[in-house]
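Hi there,

Here is the structure I promised to pass on. Have a look at it first, and then read my notes below.

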Amino acid sequence: MNLTVSVDEEVVRRAREVARQHGTSLNAMVRAYLESLAGRQRGAALLKRLEAQWKRSPGRSDAPFTRDDAYADRT
């Protein structure tokens with residue numbers, strides 16, 4: 001579906017610059033934002049968020065539970 005909105009030219013210019021800095025397009029950013037508002041994220045978008053999180057926090061989580069604890073309810 002196509003959507004038409006009216007936005008100030010300066011806002012669009014700055015938003016395009018932000019999108020460029022994030023390595024994406026303004027269209028993709030608007031689409032992702034609308035999907036998040038609707039409470040739905042596609043697999044690729046979720047994967048991208050998870051990968052970004054993994055890059056920020058690689059390594060051990062030092063979780064206070066064991067693998068066995070995590071799967072205890074599945075036995």
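To start with residue classes: Ala, Val, Leu, Ile, Met, Phe, Trp, Tyr, Cys and Pro count as nonpolar, Asp, Glu, Lys and Arg as charged, and the others, Gly among them, as polar. By that scheme, 10 nonpolar, two polar and three charged residues make up the lining of the largest pocket. A pocket here is an open set of points on a 1 Å grid over the protein atoms alone, where a 1.4 Å probe fits, with protein on both sides within 12 Å along at least five of seven lines; lining residues have an atom within 4 Å of a point.

This is a predicted model, in which local features need pLDDT of at least 70, side-chain atom pairs count only at pLDDT 80 or more, and totals for chains, interfaces and linings use all residues. Residues are numbered from 1 along each chain as its sequence is written, and side-chain values use heavy atoms, without hydrogens and water.

Back to the pocket: 15 residues line it, and Leu-3, Asn-27, Val-30, Arg-31 and Leu-34 lie nearest its centre. Two or more lining residues come from each of α1 and α2 (helices are DSSP runs of H or I, at least four residues, numbered from the N terminus). The most come from α2, with six residues.

Now find His-22, in the loop between α1 (9-21) and α2 (26-37). His-22 is exposed, at 57% relative accessible area (exposed means over 50%, buried under 20%, with a 1.4 Å probe and protein chains only).

Finally, none of the 14 residues of α3 is buried.

Happy exploring!
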